[in-house]
Amino acid sequence: MRISLPALLAGGLAACSFVAASVQGSSIGIRSAQLTLASADGSNEKVEKLEYPKTSLKEWTLEEDSVLRLSFGIVDTANDQAFVPQRANIRFTDAQTAASTVLPLQLKAKGKARFDLRATALPASLRSSSGQITMTIFLGHPSDIRPLEYTIGTISLPASRLLPLPKGRHDLSVKKEGEPAFVVQPEIHWTFSPEEKVISKSVSAIGTLIVIAVPLAVWGLMGGQVIPNLKTQSPSIASILFLISLVGLEALIVKYWINWRLYQFLSPFLTLGLISAYLGKVALGQEQKRRIATQTGKATQAAVVVEEGEGERKESSGKATKIGVAKAK
């Protein structure tokens, strides 16, 4: 049996249309929705059955001990079977400030949802509201099924359970009629800690003399033993130039600390730093050569002394040998 191309295309289009229709018809729905308002002991119940998407027109006013209970079933409209979405929340929106509070719904296995709002245990965000609150249900699932948004109605919270509305940043305090908005405030008196006691000049002078006298005394006691044993020698020209360059670097740092900017300081500092590094290398090389030459001279002198001692010993041993020979004869 051969199937013509037009018939094949027509069949494909029909199948696509069927799939699209089935996908578009799949959405989240609710049934058996009911809103109940009762006191804490279960008396004075007020019940209303809700029909989606109609909004409740009744006035739901909560007393100090009231309990507002919302219950409904969730279904998939494509097959009218119970459905459990992954996201199920109820949003409370303040009719005056438009501030919103989102709370989760209680879900059960067979697509049942429930939420209880007790006047004795209102969330902090609802207590800081104007009291006129609009309730909206949000149901969603991460699939092709369309979510649901359903505005249930408006409720009034008990005034005794509410907190004063927070003031805005630029809100002025409420004034009586004829009272000026701004008045002179009392002067602010600052209290400072008492001044620290200053040490007297005599005590400060005695402390200064002690600090100076101790190192001078130590130097005087050790100087008689150290100074005679010191061997000084004139520094090389490279060493003198190296020390001068270091002094120049310190002077640049002081100048920068006083009144220079960083861009004024960097170029002369880097230039003088390179010169100081080169002079330091040359000075260290010259000092190394001088030290090696000094050590070599000392070693040569020691060798000469040793040779002279050996020569004297040989002469003394030769004389002793001659005397012994003479006595034997």
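Analyst: Let us begin with contacts: a contact means heavy atoms within 4.5 Å. Among contacts in this protein between residues at least 6 apart in sequence, 67% join residues at least 24 apart. The model is predicted, so local features need pLDDT of at least 70 and side-chain atom pairs count only at pLDDT 80 or more, while totals for chains, interfaces and linings use all residues. Residues are numbered from 1 along each chain as its sequence is written, and side-chain values use heavy atoms, with hydrogens and water left out.

User: How many helices and strands does the protein have?

Analyst: Helices (H or I, at least four residues) and strands (E, at least two) are DSSP runs, numbered from the N terminus. The protein has five helices and 11 strands.

User: How is burial expressed, and what percentage of the residues count as buried?

Analyst: Buried means under 20% relative accessible area, exposed over 50%, and partly exposed in between, with a 1.4 Å probe and protein chains only. Of the 329 residues, 22% count as buried.

User: Which residues are buried in helix H4, and where do they fall around its axis?

Analyst: An α-helix has 3.6 residues a turn, so residues three or four places apart point the same way. Helix H4 covers residues 237–258, 22 residues in total, and spans 32 Å from its first C-alpha to its last. That is close to the expected 32 Å, the expected span being 1.5 Å times one less than the number of residues. Buried in H4 are Ala 238, Ser 239, Ser 245, Leu 249 and Leu 252. Seen down the axis of H4, the buried residues fall within an arc of 135 degrees, so they line one face of the helix; the arc is that of the directions from the helix axis to the C-beta atoms. Exposed residues on the other side of H4 include Ile 237, Leu 243 and Trp 257.

User: What does Gln 286 touch?

Analyst: Gln 286 belongs to helix H5 (residues 262–328). Leaving aside residues up to four places away in sequence, Gln 286 touches Ser 236 and Ala 238. Between the C-alpha atoms of Gln 286 and Ile 237 there are 9.7 Å in space, with 49 residues of separation in sequence. Gln 286 is partly exposed, at a relative accessible area of 34%.

User: How many residues lie between E6 and E7 in their hairpin?

Analyst: Five residues lie between E6 and E7, and Ala 98 in that turn has a positive phi of about 65 degrees. E6 and E7 (residues 100–104) pair in the antiparallel sense over five bridges.

User: How many salt bridges are there, and which parts of the chain do Arg 31 and Asp 80 link?

Analyst: A salt bridge is a side-chain nitrogen of Lys or Arg within 4 Å of a carboxyl oxygen of Asp or Glu. The count comes to four. In one of them, Arg 31 meets Asp 80 at 3.7 Å, N to O. This pair links distant parts of the chain, Arg 31 in strand E1 and Asp 80 in the loop between E4 and E5, 49 residues apart. Asp 80 also has a positive phi of about 55 degrees although it is not a glycine.

User: Which residues join Arg 69 in a network?

Analyst: Arg 69 forms a salt bridge with Asp 116, the closest N and O atoms being 3.1 Å apart. Arg 69 lies in strand E4 and Asp 116 in strand E9 (residues 112–118), 47 residues apart. Salt bridges that share partners join Arg 69, Arg 114 and Asp 116 into one network.

User: Is Asp 76 buried or exposed?

Analyst: For charge, Lys and Arg count as positive and Asp and Glu as negative, while His and the chain ends are not counted. Asp 76, in strand E4 (residues 67–76), is buried yet has no salt bridge. The nearest side chain of opposite charge, that of Arg 146, is 9.0 Å away. Beyond four places in sequence, Asp 76 touches Ser 26, Ser 27, Gln 81, Phe 83 and Ile 145.

Key. Two strands pair if DSSP finds at least two bridges between them.
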